[in-house]
Amino acid sequence: MDFNVKRLAADAGTFLSRAVQFTEEKLGQAEKTELDAHLENLLAKAECTRHWTEKIMKQTEILLQPNPNVRIEEFLYEKLEKKAPTRMNNNEQLGEYMIDSGNEFGPGTAYGNALTKCGETQKQIGIAEREFIQSSAINFLTPFRNFLEGDFKTISKERKLLQNKRLDLDAAKTRLKKARAAEARAAAEQEVRIAQSEFDRQGEITRLLLEGIGSTHAHHLRCLNDFVEAQTTYYAQCYQYMVDLQKQLGSFPTTLTSNNNQNSSSSAQSTSDPSIPVSSSLPTPASSIVTSGFSELRASCGTRKARVLYDYDAADSSELSLLADEVIIVYSVPGMDTDWLMGERGSQKGRVPITYLELLN
């Protein structure tokens with residue numbers, strides 16, 4: 001018990017001595033032992049590394065998971081050492097909605113089929129995103145976090161200990177200056193020697209740790225290369241998925257939801273330049289669509305019934321708007337572009353694109 005009391009009193013005395021020394025330094029009433037320039041540069045480099053590692057790591061976390069609530073949830077699960085529940089990401093959720101809507105509209109319809117294919121692609125992108133996030137977390141974020149929570153904490157602890165040893169040394173020097181009696185000066189000089197030895201030893205330990213920052217930079221560079229490689233793979237996968245989807249959608253006749261914009265501009269071009277056919281606004285070449293039935297209809301100059309496959313909005317008064325599944329009368333007019341026929345519905349008539357028609361027997 002006596003030993004503990006003495007130890008407590010000694011610790012309190014040391015703390016008070018450091019506090020007095022620190023206060024007097026701030027007030028300019030006491031001298032301060034400066035660290036050598038090399039050690040100061042190493043300390044500045046370590047602090048700079050910590051600062052930018054924190055910023056890069058936090059921004060990368062935001063990039064990989066923009067939802068702050070999900071980030072907080074994942075952080076809590078990580079601290080509790082439990083596995084976070086698996087949830088669909090935004091692309092997978094969008095893909096699910098597209099597939100469900102495509103099934104409801106009917107996979108046999110152009111719109112329903114296109115929705116299904118878009119949904120499948122979105123889910124593929126979602127899986128690629130999940131793999132990218134997992135790879136980035138393991139190969140990039142984890143090493144950065146390990147540095148902040150491991151190496152830099154050790155550096156901070158030793159740096160704080162070095163500061164305390166410096167305060168002890170400067171306090172001992174101050175007491176030496178104030179000592180008058182020979183015996184007191186001898187005791188103060190012995191205290192200064194001990195404090196100097198401990199300060200030098202702690203300075204060497206701190207320097208060795210700080211010199212490891214160069215190795216940290218080299219390791220973080222490798223992690224950065226891994227992160228860039230993961231990004232390259234992810235974006236290349238997304239690009240390939242979208243190119244494949246675009247090719248699949250190109251096989252469908254477009255219902256021209258932007259009809260008023262696209263066809264009106266094509267119409268304006270046709271008016272100003274007669275050499276440009278109106279069919280240039282259509283998504284597919286006529287040569288790949290014209291069947292023997294349409295060829296026979298044009299050759300016979302007769303009329304046929306045709307079922308409308310998809311909705312079509314007329315771009316101008318010369319065209320006839322169509323509704324899916326209705327039946328109209330179609331016939332050819334001499335000199336008309338091969339992509340078009342004349343259509344009649346009661347008293348209404350106008351040009352219609354053959355890509356939206358199915359001839360009936």
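Predicted model: local features only at pLDDT ≥ 70, side-chain atom pairs only at ≥ 80, totals over all residues.
Side chains of opposite charge can pair when their charged atoms come close. Here, Glu61 and Arg145 meet through their side chains, with 2.6 Å from N to O. Glu61 sits in helix α2 and Arg145 in helix α5 (residues 110–178), so this pair ties together parts that are 84 residues apart in sequence. The count for the model comes to 15 salt bridges.

Helix α2 (residues 37–64) has another partner to look at, helix α7 (residues 213–250); their axes come within 12 Å and cross at roughly 20 degrees. Since angles under 35 degrees count as roughly parallel, α2 and α7 are therefore roughly parallel to each other. Once again, the handedness can be read off: α2 passes α7 in a left-handed crossing. On the α2 side, the contact is made by Lys45, Ala46, Thr49, Thr53, Thr60 and Leu63. Facing them from α7 are Ile213, Gly214, His217, His220, Phe227 and Gln231.

Finally, there is the surface to consider. Ile72, Phe75 and Leu76 together make a nonpolar patch there, with an area of about 310 Å². One of these residues, Ile72, has its place in helix α3, which covers residues 68–79.

Conventions. Residues numbered from 1 in each chain as written. Heavy atoms only, no water. Patch = residues over 30% accessible without salt bridge, like charges linked within 9 Å, V, L, I, M, F, W, Y side chains within 5 Å. Areas by Shrake-Rupley, 256 points an atom, 1.4 Å probe, with all protein chains shown as cover. Salt bridge = Lys/Arg side-chain N within 4 Å of Asp/Glu carboxyl O. Helix = DSSP H or I, 4+ residues; strand = E, 2+ residues; numbered from the N terminus. Axes fitted to C-alpha atoms, helices over the stretch in contact; angles between N-to-C directions. Parallel < 35°, antiparallel > 145°, perpendicular 65-115°, else oblique. Left-handed = near helix turned anticlockwise from the far one by under 90°. Contact = heavy atoms within 4.5 Å.
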